[in-house]
Amino acid sequence: MASKRGALIVLEGVDRAGKTTQCKKLVQALQQSGRPAEMMRFPDRSTTIGQLISAYLEKKSDLEDHTVHLLFSANRWELVPVMKKKLDQGITLVVDRYAFSGVAFTSAKPGFCLDWCKRPDVGLPKPDLVMFLQLNPAEAALRGQFGNERYETSAFQKSVQEKFEQLMKDPSVNWKIIDASQNVEGVHADIRTHSLNAINETQNMPLGEL
Ligand code: DGP
Ligand code: NA
Ligand code: NA
């Protein structure tokens, strides 16, 4: 029997939707049911490129907007060999943000179109499943104040949300919308169901490309 590849599963959403918590819970649930799984996150601030991005987000440095877009994309590309290796080994990857955040956050800035923003990520491994944690701004506000990083304002996040809504119209991506206003266990149950379906459906199919 040929060994089966892992699934590439991505969680997206605006800030404070609960992505990180849910990624961790999903990895734990998959591992406990005997399915090899690991978490990744983008930006990965641990690499040299990631450190440039981190300083930018912390407002310790300023970078030109196109430049930072390309750095975020480069940060995904530099991890592709690792991702492919793990998927080939049968490990399911649960990824906290991916190229969709890249497009949504940059195209929310003045003067950027979706098409230009998508280009640098063309050819990246295509997720088998992208779950969008949907949370309206009023509910997000109940979860506390924004932090001090770049992009953490309600006006910008509203614009990011609109860009995600445009991206979710793309039928070539397997989008699922998750109601993130439920409690943590409710959100987790929905995410687990979609993930198990994706793992079963995609393990005999080749990995696609964005
Ligand atoms: P996080 O570590 O998940 O809180 O993400 C850091 C911030 O960076 C968050 O506001 C979302 C934003 N972000 C994530 N990926 C990208 C990207 O590819 N491009 C841009 N411009 N912003 C991104
Ligand atoms: Na953040
Ligand atoms: Na997060």
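Where in the chain is the place of R16?

View 1. All the views show a predicted model, in which the protein chain averages a pLDDT of 95 and 99% of the residues score at least 70. For the complex, the predictor gives an ipTM of 0.92 together with a pTM of 0.96. R16 sits in the loop between β1 and α1 (19-32), and although R16 is not a glycine, its phi is positive, at about 75°. With a relative accessible area of 22%, R16 counts as partly exposed.

**View 2. Y151, a residue with a positive phi in the loop between α7 (137-142) and α8.** Y151 is not a glycine, yet its phi is positive, at about 80°. The relative accessible area of Y151 is 13%, and Y151 is therefore classed as buried, since buried means under 20%.

**View 3. The cis peptide bond between F42 and P43.** The bond that joins these two residues has an omega of about -5°, and P43 is found in the loop between β2 and α2.

**View 4. Y98 within the largest nonpolar core.** This core has 38 residues, of which Y98 and F164 touch the most other members. Two or more residues are given to the core by each of β1 (8-13), α2 (48-57), α3 (65-78), α4 (80-88), β3 (92-96), α5 (99-107), β5 (129-134) and α8 (154-167), and the largest share, 5 residues, comes from α5. When residues up to four places away in sequence are left out of the count, Y98 touches L8, V10, E12, F42, R76, M83, L124, P125, P127 and L210. Another core, of 21 residues, lies apart from this one, and L30, V187, I191 and A198 are among its members.

**View 5. The buried and exposed sides of α4.** Which residues of α4 are buried? They are V80, M83 and L87, and because they cover an arc of only 60° around the axis, they lie on the same side of α4. As a general rule, an α-helix has 3.6 residues a turn, so residues three or four places apart point the same way. The buried residues of α4 pack against β1, β2 (37-41), α3, β3 and β4 (125-126), whereas P81, K85 and D88, on the other side of α4, are exposed. Just after α4 comes G90, which takes a positive phi of about 90°.

Methods. Residues numbered from 1 in each chain as written. Chains lettered and ligands numbered in written order. Predicted model: local features only at pLDDT ≥ 70, side-chain atom pairs only at ≥ 80, totals over all residues. Heavy atoms only, no water. Core = buried A, V, L, I, M, F, W, Y, C linked by side-chain atoms within 4.5 Å. Buried < 20%, exposed > 50% of the residue type's maximum accessible area, 1.4 Å probe, protein only. Helix = DSSP H or I, 4+ residues; strand = E, 2+ residues; numbered from the N terminus. Contact = heavy atoms within 4.5 Å. Arc of directions from axis to C-beta. pLDDT = per-residue confidence, 0-100.
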